[in-house]
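Biologist: Could you put the model up, so that I can ask you a few things about it?

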Amino acid sequence: MSKIKYILGLFDDPDEMMNGIDKLKQNNFSVYDVYTPMPIHGIEAKLGVKRSRLPIVAFCCGITGTCTALTLMWYTLSYDWPMNIGGKPNFALPDFVPISFELTVLFCAFGMVSAFFIKNHLFPGRAPRVMELRATTDKFVIAIDANANTNHTHIDELLKEAGATEIKHNDRKYVSYE
Amino acid sequence: MSSHNESILREPLITGKNITYARITEEVLWPVENKPNKAWWIGFIVAAMGASLWLVAVGYTFWNGIGSWGLNKTVGWAWDITGFVWWVGIGHAGTLISAVLLLFRQNWRNSINRSAEAMTIFAVICAATYVVSHMGRPWLAYWPLPLPNQFGSLWVNFNSPLVWDVFAISTYFSVSLVFWYVGLLPDIATIRDRATGLRRRIYSIMSFGWTGSVKTWQRFEIVSLVLAGVSTPLVLSVHTIVSMDFATSVIPGWHTTIFPPYFVAGAIFSGFAMVQTLLLITRKVLGLENYITMFHIESMNKIIVLTGSIVGVAYLTELFIAWYSGAEYEQYAFLNRISGPYWWAYAIMMTCNVITPQLFWFEKIRTHIGISWILSIIVNIGMWFERFVIIVTSLHRDYLPSSWVMFYPTWVDISIFIGSIGVFFTLFLLFIRVLPSVAMAEVRLLVKTSSEQAKLKLLQEGKLKAEEAEFYKESLGKYDSVEQGAYANV
């Protein structure tokens, strides 16, 4: 086996890159990952990436917020220290709507964003695992695991055919550790 | 697929020839990656002087108490709450642009959302400082939080709109901040991957290790969408609750059910005016004419004329209802507003908010940069006077004529107000130096569909209906960043 770990196909155009993925798939090569400077719509279906379940997390967190707010207001104003405020009911539900709403939004937003950060291992100070530095600027990069896909010349041909402007054979996975 | 041909009838959102993904990065990051120019330094020094004035005035207030303001026993709220509501209102456009326009798939938001959101955050910071300093004893600012009894006296009263406001403003601020920062991650990663040395280290920490892999982008898009979904009602709720600070009281002039929608419309109105004020300068100074085009300016002016008209209808409705209610005190409150000693404030409010924005019905005016800028400043002034009119003229003549007074601001009131503008501009100027002022990742999405060059290609292919092509060419006439000559023989 050669020392090459990953083959990168760099494209200038997202449509050509999508074409490249199609070509690789038709020839039974597997794509490790794709790095792009902008979201590419429809790429998930092509790569068989499953639908994100983050909206479910968002819903659960939101409901938790609603319950927290209502419980807090019930506990403080009706249970722990009920007060007579102008003879009005202690558990004055209409008055509790604004805060229940705000806490729903707060919990939902923070819960979902935290889940997003945790699932993608994003946190301040994390060493960026970048395979190609220009992938965040103007290059659309297909990364292919060189050990799992052995016919390297064929891969190169396919990428070039699809319109890759540059093909790299990297003997290390991430460049950003240098 | 990432690209399909957009209808030729839609105006381009990016102008200029040979726009590439690399060029967008270069142009947007130019102010971040280079030394600031003279214009920036002049702006920054002036703004920083304002911010210092703010520090002095707020320090003076904290040391001597709010007796140093012009308040008296009749007018207990004046420039402080006027300033607070003014800033919170301004802070509405950013989230509106990034959330509501995202839900409506208004792609023109892509190039203005970043700076508008930054503006929101800084405006809410300015608003929050007013809240803290008007408390009198700012070291007890944690009292509106629901802390156990032993800590203060009792639990907070959750029936009070002032407590709702604490929750609303803090939720709004933190959710806007999160929304803004998540959107920034891919762009910070761009700066990181182009930088070297210490800069790279710093931006690396700030980028959270963003890579731009498929799964990251997929989740990013979902997060943006859901955040937009929850921020849309949030942004409407915030000014609703601010208005309830007034509307749930029994002061004539405040106690009106029209307040929530009226305040929300006013907030969007003033927010877009401030976005316009800032972006018209930013676009010029940073050379972003190709990304913030005449279409963006015109669209914002259309929103200003719409919300300004809603505000105008609300003013007239208030007057009508005051008369129609038959309530003596209510009627007097509004008569006093129009013809009392503060008639001039009411006149300024009416002129700046209702009359002058109507000029935007003329296409010539709404596509004229200089006039748009001046009108946006006028709206800002008018909206400040709106809050002043609502607050001070409702208070200064209460139920007891012997306690009727006027409000005179002291140098501290004035300095805090001018200073808060300084704080706002200091933060904004720092922002455009260290972070990309245009959401690059989102603008890249437009290159292949909504850019002038993509549409020019469609024209050149010549498969379009003649009248549609003609319509498109006519719509380009208003752009200042389009070379009109190129379309003469296409």
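Biologist: Which residue in β3(A) stands opposite A:Y35?
Modeller: A:Y35 faces A:V141 of β3(A); strands here are DSSP runs of E of at least two residues and helices are runs of H or I of at least four, numbered from the N terminus. Bear in mind that this is a predicted model, in which local features need pLDDT of at least 70 and side-chain atom pairs count only at pLDDT 80 or more, while totals for chains, interfaces and linings use all residues. Residues are numbered from 1 along each chain as its sequence is written, with chains lettered from A and ligands numbered from 1 in the order in which they are written.

Biologist: And how many bridges join β2(A) to β3?
Modeller: There are 3 bridges between β2(A) and β3 (residues 140-145) of chain A, and the two strands run antiparallel; strands pair if DSSP finds at least two bridges between them.

Biologist: What is the strand order of the open sheet in chain A?
Modeller: The order of its 4 strands is β2-β3-β1-β4, with antiparallel pairing. β2 (33-35) and β4 (166-170) of chain A are at the edges with a single partner strand each, so one side of each has no neighbour in the sheet.

Biologist: Switching to chain B, at what angle do α10 and α12 pack?
Modeller: Helix α10 (residues 294-325) and helix α12 (residues 343-355) of chain B pack at about 140°, with axes 8 Å apart; axes are lines fitted to C-alpha atoms, for helices over the stretch in contact, and angles run from 0 to 180 degrees between N-to-C directions. α10(B) and α12(B) are therefore oblique to each other, since angles under 35 degrees count as roughly parallel, over 145 as roughly antiparallel, 65 to 115 as roughly perpendicular and the rest as oblique.

Biologist: Which residues meet there, α10(B) against α12(B)?
Modeller: From α10(B), B:G308, B:V311, B:G312 and B:Y315 meet B:M350, B:N353 and B:V354 of α12(B).

Biologist: How many residues of chain B are in contact with chain A?
Modeller: In chain B, 56 residues are in contact with 61 residues of chain A, where contact means C-beta atoms, placed from the backbone, within 7 Å. α8(B) gives the most to the side of chain B that touches chain A, with 16 residues.

Biologist: Last one: is A:P89 buried or partly exposed?
Modeller: A:P89 is partly exposed, because 13 other C-beta atoms lie within 10 Å, and a residue is buried at 20 or more, exposed at 12 or fewer and partly exposed in between. A:P89 sits in the loop between α3 (54-80) and α4 (93-119) of chain A.

Notes. Contact = placed C-beta atoms within 7 Å.
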